[in-house]
Amino acid sequence: MGFISDALNRIQPSATIAATQKARDLKALGRDVISLAAGEPDFDTPDNIKEAAIKAIREGKTKYTAVDGIPELKAAICAKFKRENGLDYQPNQAFVAPGGKPIIYNAMIATLNPGDEVIIPAPYWVSYPDIVLLAGGTPVTVDTTLKNGFKLQPEELEKAITKKTKWLIFNSPSNPSGAAYTHAELKKLTDVLMKHPHVWILSDDMYEHLTYDGFKFATPAEVEPGLYERTLTMNGVSKAYAMTGWRIGYCAGPETLIKAMTKVQSQSTSNPTSISQWAAVEALNGPQDFIPTRAASFKERRDLVVSMLNQAKGIKCPTPEGAFYVYPSCEGCIGKETTVGKVIESDEDFALALLEAEGVSVVHGAAFGLSPFFRISYATSTEELTDACERIQRFCASLR
């Protein structure tokens, strides 16, 4: 018998974290590296949120809290869902975790049994299938296409549902593609889900506030109230409020599920950091006017990156509706040879060769379940993005 568990052997380390760390390591060795791998806003946490945290420290709010969050934050979460999504929740239906990832983990651990299936549209955030595997479930990936804007089609969802299906993990705007579903597109999917009452929906709305060109965000339980009793709607403060390191995710859903998730968290992390919770109260209840301003900056960066990548030989980059990622195809580079004689046979080869030749770190598409693509985060300065895209253009032009 091996020392490491079978569950751990079923999964891989996070590819996005690995790519980001590799870029850090190369920088430490003196390499000129531009990292476009991390999904982290380069903006600072707003001052009013920082001050709320400092105030909490000075007032001695540094003790254990309730496992699933302080009452003040749960009230702020319920108010947010009502104000922005038209969803009515009571505090006993709200849950706070140390980040968005533990929400997914707690929900899967609390509900999955061996043989249970979880539908995950690809490309997907790298952690979805591995969390399902850790929990003993079976991920069922459904490939989307560039032609359809990387959006799950209702007939594909219908085909993927079986008697063993327990969850659909749904993410809009998407990491990694930036694809966001309109109200009408969502309605077609929720119509399918209404026919299958045994299927629950985990809606990951982490990039809700980062949409462009007048796009109007919607979430499944808002579009179809009939799904309310089997939907877990999750969000967090990391992206919109530039609070990645504060580690606060939140969600709301049926009380029975929330109690089960609380039970899991009571035996893992216990409560999220008390100071971060008070900061999150201010984030949700305080001024929101900076969000559209920052979203406008992200849109400018998106437009720059899409334009420059589409000028790179062999690259095709669609324009995403939201988040701060692009997911371009590198199909036109597959089969070509680098200046050092390396044949690019996959998107992973492309990403590695790009890093070696030009010092640009991206994440290969296979990590997100759909090839031949790669993900770029444009959550960095215009100057750095321009430099990186020029390097990508130069690299692609050098391929033979």
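The model is predicted. The largest nonpolar core has 75 residues. Helix 6 is largely enclosed by the rest of the structure, because 6 of its 8 residues are buried.

- Strands of a sheet pair through backbone hydrogen bonds, in either the parallel or the antiparallel sense.
- Strand 5 (residues 165–171) runs parallel to strand 6 (residues 200–204), and 5 bridges link the pair.
- Trp167 has Trp200 of strand 6 as its bridge partner.

**Helix 5 against helix 6**

- Two packed helices are described by an angle and a distance between their axes.
- For helix 5 (residues 100–111) and helix 6 (residues 127–134), the angle is about 35° and the axes lie 9 Å apart.
- The crossing of helix 5 past helix 6 is right-handed.
- Helix 5 contributes Lys101, Ile104, Tyr105, Met108 and Ile109 to the contact. Helix 6 contributes Ser127, Tyr128, Ile131, Val132 and Leu134.
- By class, the residues of this contact are 8 nonpolar, 1 polar and 1 charged.

**Burial of helix 6**

- The buried residues of helix 6 are Ser127, Tyr128, Pro129, Asp130, Ile131 and Val132.
- Their cover includes helix 5, strand 3 (117–122), strand 4, strand 5 and strand 6.
- Just after helix 6, Gly136 adopts a positive phi of about 90°.

- In soluble globular proteins, nonpolar side chains tend to be buried together.
- In the largest core, Met108, Leu232 and Phe350 have the most contacts inside it. Met108 also belongs to the contact between helix 5 and helix 6.
- Which residues does Leu232 touch, leaving aside its neighbours within four places in sequence? Its contacts include Ile103, Ala107, Trp167, Ile201, Leu202 and Ser203. Cys251, Ala252, Gly253, Leu257, Ile258 and Met261 are also among them.
- A second, separate core has 31 residues, including Ala240, Tyr241, Ile275 and Trp278.

- Strand 9 (residues 325–326) pairs with strand 12 in the antiparallel sense over 2 bridges. Val326 stands opposite Ile376 of strand 12.
- Strand 11 (residues 363–364) also runs antiparallel to strand 12, joined by 2 bridges. His364 stands opposite Phe374 of strand 12.
- In a regular strand, side chains alternate between the two faces of the sheet.
- In strand 12 (residues 374–377), Phe374 and Ile376 point one way. Arg375 and Ser377 point the other way, and all of these residues are buried.

How values were computed:
Residues numbered from 1 in each chain as written. Predicted model: local features only at pLDDT ≥ 70, side-chain atom pairs only at ≥ 80, totals over all residues. Heavy atoms only, no water. Axes fitted to C-alpha atoms, helices over the stretch in contact; angles between N-to-C directions. Helix = DSSP H or I, 4+ residues; strand = E, 2+ residues; numbered from the N terminus. Left-handed = near helix turned anticlockwise from the far one by under 90°. Contact = heavy atoms within 4.5 Å. Nonpolar A, V, L, I, M, F, W, Y, C, P; charged D, E, K, R; others polar. Pairing = 2+ DSSP bridges. Core = buried A, V, L, I, M, F, W, Y, C linked by side-chain atoms within 4.5 Å. Buried < 20%, exposed > 50% of the residue type's maximum accessible area, 1.4 Å probe, protein only.
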